[in-house]
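Dear colleague,

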Amino acid sequence: MATKASRAAARVMISPAVLLLLGWMIVPLALTLYFSFLRYNLLMPGMEEFTGWDNYSYFLSDPAFTAALTNTLLLVGGVLLITTVGGVLLGLLLDQPFWGQGIVRILVIAPFFVMPTVSALVWKNMFMNPVNGLFAHAFKALGLAPYDFLSQAPLLSIIGIVSWQWLPFATLILLTALQSLDQDQLEAAEMDGASALSRFWYIMLPHLARSITVVILIQTIFLLSVFAEILVTTNGGPGTASTNLTYLIYMQSLLQFDVGMGSAGGVVAIILANIVAIFLMRMIGKNLEA
Amino acid sequence: MGRITLDKVTKSFGEVNVIPPLDLTIEDGEFVVFVGPSGCGKSTLLRLIAGLEDVSSGQIRIDGKDATDMPPAKRGLAMVFQSYALYPHMSVRKNIAFPMKMAGLPQDEQDRRINAAASALNLTAYLDRRPGQLSGGQRQRVAIGRAIVREPSAFLFDEPLSNLDAALRVGMRLEIMELHKRLDTTMIYVTHDQVEAMTMADKIVVLQAGYIEQVGSPLELYHSPRNEFVAGFIGSPKMNLLRGEVAAQHGAATIGVRPEHLAVSTSEGQWPARVGVAEHLGSDTFLHVHDHGFNDAPMTVRVDGEMPVKHGDRIFLTPDPSKIHRFDKQGLRI
C-alpha cells in the first residue's frame, strides 16, 4: 500500500480535512493577533485604529493581571494536587474487593457527568450558602458561626468545586492502572519482606507513574481554562481574589467591551499555556517514553 | 535448615474444597517436585507453604516452628514465579537487592551478595539493564538471583520453566539442579511436566485433585507405581494400560506395560498387531500400534531407531513378563 501513487492519493484525500482543521485554527488565531494590535472598543464602533503594543503593555501592567496569573497557577496546582493524591487513594480503596463494588464504581464516576455550571450552582446554593447551605446548617448544629466560603475563601472554594469534578476522572484512570498491575509482582514483594507501605511505594507507585502523567497532562489543559465555575459562583471576586486568566480576558472583552485588550490577553494566555506545557513535558514527559 | 512439615492441611475456596486433609514432610536439603495434571492443587499447595494463601485448617511447621499464621516474609522462604514477577521499573541490580533492602542489610553486604549471585548466574554484564531488555532465560536467572540473595531456608519454584522454549528449558533445568547441589538447600518445585519431575527430583509428590497419590523417588515411581494414575502419569511415552481377558490371565483387572518393555518382532510373538503412525526420534522410534485386540486405544511401543517397519505392517508384540504391572478393580497395585 506504500506505492508512490497510493501515497499521493492518500494525501489528496486527507487534505480537505486537514485544510479545514487548519483554517479553523488559523483564522481565529490570526484575527486575535490582529485585534490585539488595534484600539478596538465595542462602545466606539468604527473608531478602530492601529496602536502597536499598547494593548499588551496595558494588559501586562494591570495589577489584575498578576493576581489572575497567580490565581490561575494556584487553581491548576491545587486541583492537580488534590485530584492526583485523592485519585490514587480512592483508586486503592476501590481496588479492594467489597460488596457492591460495581455500583460504587459507577457512583464515583458520576460527578464527572455533571456540567460545570450545574455543579458550581449546586455547590454555591446547596452547600456553601451561608444562610441556607448544608455546610451552614452543619456549622450551626455544632454551635459555630456559619462560614461564608465564597466570600471568605473564594479561591479555595473554587479549587474544592473543581477538584470534586475532576477527582472521578483521576480515580478512574488510576484505578484501571492499578488493576493492570501484575499480582505476581505484589506477591513477590510480599515474599521479599516488603510491608504494605513499601509495596505501595516501590511497586505500585512506579507502576502508576505513567497514568499519573496522563492525568496531569490532560487535566492541566482543561484547568487552565476554568471559567464556568467562577462565573457562576464568585464572578471573579471579591476584587480579583478568584479571577483567573480566562476570566480576566472575559472581563476585558465582554464586560468592558475592550476587544483589543481582551485579544492581547488571549495572546498572552496562549504563550503562558505553552510555557506551562513545555515545563510539564520536560518534567514528566519522559515517563511517557518507552 | 529447611524441614517443612504439613499436618492435616486443608484449603477450600468458598464451597470448593481444593486440598483435602494432607500430610507431607519435606526433609532438609531435599529437592521435592510436586507434579500432577492442571488443577490438581499443586500450585495452591506451594502457595500455602509460601504463605500467600491461608490454610483453612491444619498446621504448617518450618524447622519445627509453627508457621501456619506467619506472614510470608517471616517464613524465610524464597519463591520464583512462573511469570518471573520482576519489578519492571528497577534495574537487575535493584531487583536482586530489593529483598535485602527490605530487610535493611548494610550496603556493603548487599553488594557482596549481589556480586556473588550475579557471577554464579552469569548476570554480571546485565546488572544495570531493566528486565524488559533481557531474554526469557536471563529474566528467569534474575528471579532466581533475587531468591538466592535472601539465603532462604527453602526455595519454592512455581512452574519456573514453562515460559521458556524447549532448548532453554533443558539448560535452565541443569542450572537449577547444579544450584541445588551447590547450595544444598531445600527446594520445592511445582511442574506439570513429568520429564522435569523425573530428572530433577530427589522425591516426587504426585497429586491428583488435591490428594497425594504417591510420594517417592523417581525410580520408585517408575518401577512400582502405587496405582493406575501414577502408572499412567509417570513415564514418557505413557504406559499402556490393558483391561479385560488379557488382564484376567495375569490375575488382575488392569495390567500396565511400558512402551520400552515390549519386544517387537515381524515373525512371531504373543500379541499380533498392525503398525500405525511411527514417530522417529533418531535413536528411538515410537510406534503407535493398532488392531491388537485389547481395547480401542492404540498401544505405544518403543523400538530401536533402525527398526525397518512402516505404516500398515503386521508385527508381533511380546511383553517382558517381569515388567508387567498389575492393578485391581480399584486401580491399586497388586
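The domain bounds used for chain B come from an automatic or database domain assignment. On that basis, chain B is divided into domain 1, residues 4-230, and domain 2, residues 237-327. The centres of domain 1 and domain 2 of chain B, taken over C-alpha atoms, are separated by 38 Å. Please bear in mind throughout that this is a predicted model.

Annotations

For chain A, UniProt gives the feature "domain: ABC transmembrane type-1" at residues 69-280, in an unreviewed entry. That span of chain A is 76% helix and 0% strand, and its end C-alpha atoms lie 17 Å apart. The UniProt annotation "transmembrane region", again from an unreviewed entry, covers residues 12-37, 73-94, 106-123, 155-178, 208-228 and 259-281 of chain A. Two of these stretches may be described here. Residues 12-37 of chain A are 96% helix and 0% strand, with 37 Å between the end C-alpha atoms. Residues 259-281 of chain A are 100% helix and 0% strand, with the end C-alpha atoms 33 Å apart.

For chain B, the UniProt annotation "domain: ABC transporter" (unreviewed entry) is placed at residues 4-234. In the model this part of chain B is 37% helix and 26% strand, and 25 Å lie between its end C-alpha atoms.

Helix packing in chain A

Two packed helices are described by the angle between their axes and the distance between the axes. In chain A, the axes of helix 3 (residues 63-95) and helix 10 (residues 196-223) come within 10 Å and cross at roughly 145°. The crossing of helix 3 and helix 10 of chain A is right-handed. Helix 3 of chain A contributes A:Leu75, A:Val76, A:Val79, A:Leu80, A:Thr83, A:Thr84, A:Gly87 and A:Val88 to the contact, while helix 10 of chain A contributes A:Leu208, A:Ile212, A:Val215, A:Ile216, A:Gln219, A:Thr220 and A:Leu223. By class, the residues of this contact are 10 nonpolar, five polar and no charged.

Which elements of chain A give two or more residues to the side that touches chain B? In the contact, 13 residues of chain A meet 15 residues of chain B. The elements in question are helix 9 (183-191) and helix 10 of chain A. Helix 9 of chain A supplies the largest share of this side, six residues. The side of chain A that touches chain B has five nonpolar, three polar and five charged residues.

Sheets and hairpins in chain B

Strands of a sheet pair through backbone hydrogen bonds, either parallel or antiparallel. One open sheet of chain B is formed by six strands in the order 6-7-8-3-9-10, and its pairing is mixed. Its edge strands are strand 6 (77-80) and strand 10 (211-216) of chain B, each of which pairs on one side only. On average, and with direction ignored, neighbouring strands of this sheet are turned by 15° against each other.

Within that order, strand 9 (residues 203-208) and strand 10 of chain B pair in the antiparallel sense over five bridges. B:Val206 stands opposite B:Gln214 of strand 10, and B:Gln208 has B:Tyr211 of strand 10 as its bridge partner. Strands 9 and 10 of chain B form a hairpin with two residues between them, and B:Ala209 in the turn has a positive phi of about 50°.

A further hairpin of chain B is made by strand 1 and strand 2, also with two residues between them; here B:Gly14 in the turn has a positive phi of about 65°. Strand 1 (residues 4-13) and strand 2 (residues 16-26) of chain B run antiparallel and are joined by seven bridges. In this pair, B:Thr5 stands opposite B:Thr25 of strand 2.

Another open sheet of chain B has five strands in the order 13-17-14-15-16, with antiparallel pairing. Strand 13 (262-265) and strand 16 (299-304) of chain B are its edge strands, each pairing on one side only. The twist in this sheet averages 45° from one strand to the next. Strand 15 (residues 284-290) and strand 16 of chain B run antiparallel and are joined by six bridges, and B:His288 stands opposite B:Thr300 of strand 16.

With kind regards

Note on methods. Residues numbered from 1 in each chain as written. Chains lettered and ligands numbered in written order. Predicted model: local features only at pLDDT ≥ 70, side-chain atom pairs only at ≥ 80, totals over all residues. Axes fitted to C-alpha atoms, helices over the stretch in contact; angles between N-to-C directions. Helix = DSSP H or I, 4+ residues; strand = E, 2+ residues; numbered from the N terminus. Left-handed = near helix turned anticlockwise from the far one by under 90°. Contact = placed C-beta atoms within 7 Å. Nonpolar A, V, L, I, M, F, W, Y, C, P; charged D, E, K, R; others polar. Pairing = 2+ DSSP bridges. UniProt positions renumbered as here; feature names shortened; annotations may be inferred.
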